[in-house]
Amino acid sequence: MADRDYGYTKWGKDWVRFAESLRQTRPDPQLPSARRAAQDGKVQITFDDRTVRAVVHRGRGTSVVTIAVAPMSPGTTAEISRRLSGIQPLLTDDLYRAIAEAGHPPAPALDSVACSCPAATQRCVHELSVYYDMARRIDDDPRIALDVQGFFLASAGSGRAPAEATAQRWVALNALDAAAYFTDSS
Ligand SMILES: [Zn+2]
């Protein structure tokens with residue numbers, strides 16, 4: 001498990017792509033140290049709805065990365081909800097492909113990314129390490145890929161009082177058997 005590459009599920013792979021964009025002609029030289037930081041547990045992530053906050057310890061310094069993830073489109077939310085209504089919902093790579101082929105790619109979009117470090121580069125090593133750590137977490141539990149896009153909140157219905165919406169969100173999460181949700185890695 002430990003030597004498995006980041007993004008071995010399609011859900012996790014989306015986050016690796018933020019670090020390793022297909023548009024880049026050559027890999028960012030910061031990628032190896034970003035991977036190492038994630039691997040060595042130097043990235044501590046907390047979630048607040050669609051906001052990912054990460055404390056990255058590197059060398060003697062600590063940086064805080066804040067990533068705002070865009071809400072999942074209503075079409076994708078509906079498509080995933082429809083396909084998860086079966087008895088045993090599995091967030092498999094096959095399900096990912098089916099959703100994408102139905103015209104609703106579940107890949108996330110980022111509204112904004114900020115880091116507290118003074119790096120002059122366009123993308124700092126802290127930001128990159130968070131993408132890897134997100135990929136690692138999502139490979140382990142693909143529900144995070146949906147939750148961070150507001151899927152459970154949106155699928156529980158909108159227009160509710162905030163407290164009720166939060167309660168609904170947890171009901172939605174708990175109603176789905178966690179074990180059944182793990183990707184089938186066969
Ligand atoms: Zn930084």
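The zinc site comes up first. The site of the zinc ion is tetrahedral, with angles of 104 to 115° among its 4 donor atoms. Four donors get that label if all angles lie between 85 and 135 degrees. The model is predicted: local features need pLDDT of at least 70, side-chain atom pairs count only at pLDDT 80 or more, and totals for chains, interfaces and linings use all residues. Residues are numbered from 1 along each chain as its sequence is written, and side-chain values use heavy atoms, with hydrogens and water left out.

Which residues are the protein donors of the zinc ion? They are Cys115 through SG, Cys117 through SG, Cys124 through SG and His126 through ND1. They lie 2.1 to 2.3 Å from the ion. A donor here is an N, O or S atom within 2.8 Å of the metal (3.2 Å for Na, K and Ca); water is not among the atoms, so sites may look incomplete. In sequence, the donor residues are spaced C-x1-C-x6-C-x1-H.

Cys124 is buried, with a relative accessible area of 5%. Cys115 is partly exposed, at 25%. The cut-offs: buried is under 20% relative accessible area, exposed is over 50%, partly exposed is in between, with a 1.4 Å probe and protein chains only.

Next, Arg123. Where does Arg123 lie? Arg123 sits in the loop between strand S4 (110–115) and H5. Helices (H or I, at least four residues) and strands (E, at least two) are DSSP runs, numbered from the N terminus. Arg123 is buried, with a relative accessible area of 19%. Leaving out residues up to four places away in sequence, Arg123 touches Phe18, Ala19, Gln24, Asp28, Gln30, Leu128 and Tyr131. Contact means heavy atoms within 4.5 Å. Look at Gln30: Arg123 and Gln30 are 93 residues apart in sequence, yet 9.1 Å apart in space, C-alpha to C-alpha. And the side chain of Arg123 reaches the backbone oxygen of Phe18 at 2.5 Å.

How many aromatic pairs does the structure hold? It holds 6. Rings of Phe, Tyr and Trp (its six-membered ring) pair if their centres lie within 6.5 Å; planes under 30 degrees apart count as stacked, over 60 as edge-to-face and the rest as tilted.

Take Trp15 and Tyr131. That pair is tilted: 6.3 Å centre to centre, 45° between the planes. Trp15 lies in helix H1 (residues 10–19) and Tyr131 in helix H5 (residues 125–140), so the pair ties together parts that are 116 residues apart in sequence. Phe18 and Tyr131 also form a tilted pair, at 5.4 Å centre to centre and 40° between the planes. Phe18 lies in helix H1 and Tyr131 in helix H5, so this pair ties together parts 113 residues apart in sequence. Trp15, Phe18 and Tyr131 form one aromatic cluster. Tyr131 counts as buried at 2% relative accessibility.

On to the core. A nonpolar core is a set of buried Ala, Val, Leu, Ile, Met, Phe, Trp, Tyr and Cys residues joined through side-chain atoms within 4.5 Å. The largest has 37 residues, and those touching the most other members are Trp11, Trp15, Val52, Val130, Tyr132, Met134 and Leu146. H5 gives the most to this core, with 8 residues.

Last, the whole protein. There are 9 helices and 4 strands. Of the 186 residues, 41% count as buried.

Technical notes: Tetrahedral: all angles 85-135°; square planar, octahedral: opposite > 155°, others 65-115°. Polar contact = N/O pair within 3.5 Å; in protein donor to acceptor, adjacent residues only side chain to side chain.
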